[in-house]
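Good morning, and thank you for coming. Please look at the structure on the screen while I describe selected parts of it.

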Amino acid sequence: MRKKVALMTWYKYYNYGTALQAVALYNTIKRLGYDVDVINYSPRKNRNYSCDKVYRSIFKMTLNKMKEVLNPSGISCERIKLFNNFVLDNITETKPCRSYPELHDLNKIYDAFICGSDQIWSPLWFDDKYFLSFVDEPQKMIAYAPSMGNNKADDKNLKKEISKNLKRFSNLSVRENDGKKLINKLTGQMAKVVLDPTLLLLKDDWDSYASKGQTKELQNKAYIICYFLGDSKKYTKYVSMLSQKAGIPYYIIPVKRNQYADSHKISFEIGPAEFISLIKNARYVCTDSFHGMAFSIIYN
């Protein structure tokens with residue numbers, strides 16, 4: 001009988017990297033010979049441990065930025081549908097787990113639990129469920145490439161909680177060196193730095209997803225694709241210069257409110273499959289995104 005693995009990660013946000021890393025890690029585990037399900041969990045709210053006004057202000061600002069990036073007001077029903085269909089076509093889920101007891105019940109079903117990747121361990125939106133706090137036996141817990149998204153945790157209560165949860169892991173890895181340093185500082189443990197899940201799949205693997213997101217509008221055309229999570233305005237003059245020098249147009253994948261009003265906004269909706277296809281077939285990619293860079297590397 002094949003062993004069963006439960007994967008705890010972000011996958012419901014309408015963010016390309018989030019959806020693609022979840023599908024990549026799911027399929028990697030499956031190829032290793034295990035039955036795998038993604039834990040169907042959505043946090044109700046983020047816990048803010050800080051009593052300091054400055055920290056609260058940073059937390060609020062970061063959370064608002066995250067909401068703006070992941071769920072801008074202009075997001076269409078069509079994009080939501082493309083995301084939902086992509087994720088649900090490529091993973092299987094557990095039953096919905098809305099509470100600690102429901103998560104705890106998974107101990108009766110699964111032989112191992114993996115948490116990762118993305119910024120699930122960021123001190124700015126701490127949730128102990130993403131540290132597998134509901135798993136009874138620590139030897140069944142594996143962390144694969146979670147990102148801290150930050151190189152420090154200042155609040156003493158927050159540090160205590162993170163440290164307590166990290167010390168339960170005997171199989172511990174992270175996505176960045178900064179995360180490795182922070183874990184060592186908090187716990188004395190040495191985590192391995194490993195590849196983001198999107199880089200575990202080969203170009204041919206991603207081609208099968210890209211083929212389902214072929215875009216007729218740009219087929220057989222030379223173009224520059226832009227994917228910016230930060231302030232795209234400061235990049236515009238450089239992208240314009242590249243466009244003029246190369247003699248080809250540039251298009252922006254809109255993910256923030258101001259990008260939806262940009263005249264270079266791409267004219268059709270883009271789900272994760274379309275995102276891969278656009279990067280695969282672009283002459284150049286301009287991005288400030290980790291996963292934008294990752295897929296640019298995958299497609300040379």
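F290, M293 and I297 together make a nonpolar surface patch of about 280 Å². A patch consists of residues with over 30% relative accessible area and no salt bridge, where like charges are joined within 9 Å and nonpolar side chains (Val, Leu, Ile, Met, Phe, Trp, Tyr) within 5 Å. A salt bridge here is a side-chain nitrogen of Lys or Arg within 4 Å of a carboxyl oxygen of Asp or Glu. Accessible areas come from the Shrake-Rupley method with a 1.4 Å probe, and for residues only the protein chains shown count as cover.

Before I continue, a word on the source. This is a predicted model, in which local features need pLDDT of at least 70 and side-chain atom pairs count only at pLDDT 80 or more, while totals for chains, interfaces and linings use all residues. Residues are numbered from 1 along each chain as its sequence is written, and side-chain values use heavy atoms, with hydrogens and water left out.

Let us return to M293. This residue lies in helix α10, residues 290-298. Helices (H or I, at least four residues) and strands (E, at least two) are DSSP runs, numbered from the N terminus. Is M293 partly exposed or buried? M293 is partly exposed, because its relative accessible area is 43%; buried means under 20%, exposed over 50%, and partly exposed in between, with a 1.4 Å probe and protein chains only.

Now the protein as a whole. There are 10 helices and 9 strands. Of the 300 residues, 52% are buried. The accessible surface comes to about 15,000 Å², and carbon and sulfur atoms hold 51% of that surface. Among contacts (heavy atoms within 4.5 Å) with a separation of 6 or more, 78% are between residues 24 or more positions apart.

I turn to the sheets. Which order do the strands take in the open sheet of 6 strands? The order is β2-β1-β3-β4-β5-β6, with parallel pairing; two strands pair if DSSP finds at least two bridges between them. At the edges are β2 (35-38) and β6 (192-193), each of which pairs on one side only. Helix α6, residues 177-187, packs on this sheet and touches β5 (171-174) and β6, and its direction makes about 135° with that of β5. Such axes are lines fitted to C-alpha atoms, for helices over the stretch in contact, and angles run from 0 to 180 degrees between N-to-C directions.

Some pairs can be followed residue by residue. Strand β1, residues 4-8, runs parallel to β2 and is joined to it by 4 bridges, with A6 opposite D37. Between β4 and β5 there are 2 bridges in the parallel sense, and A143 has L172 as its bridge partner. β5 is in turn joined to β6 by 2 bridges, where S173 partners K192.

D155 counts as buried because its relative accessibility is 11%. Its C-alpha atom is 9.2 Å from that of P123, 32 residues apart along the chain.

Finally, 3 strands form an open sheet in the order β8-β7-β9, with parallel pairing. The edge strands are β8 (250-252) and β9 (284-287), and the twist averages 20° from one strand to the next. Strand β7, residues 224-227, is joined to β9 by 4 bridges, and C226 has C286 as its bridge partner.
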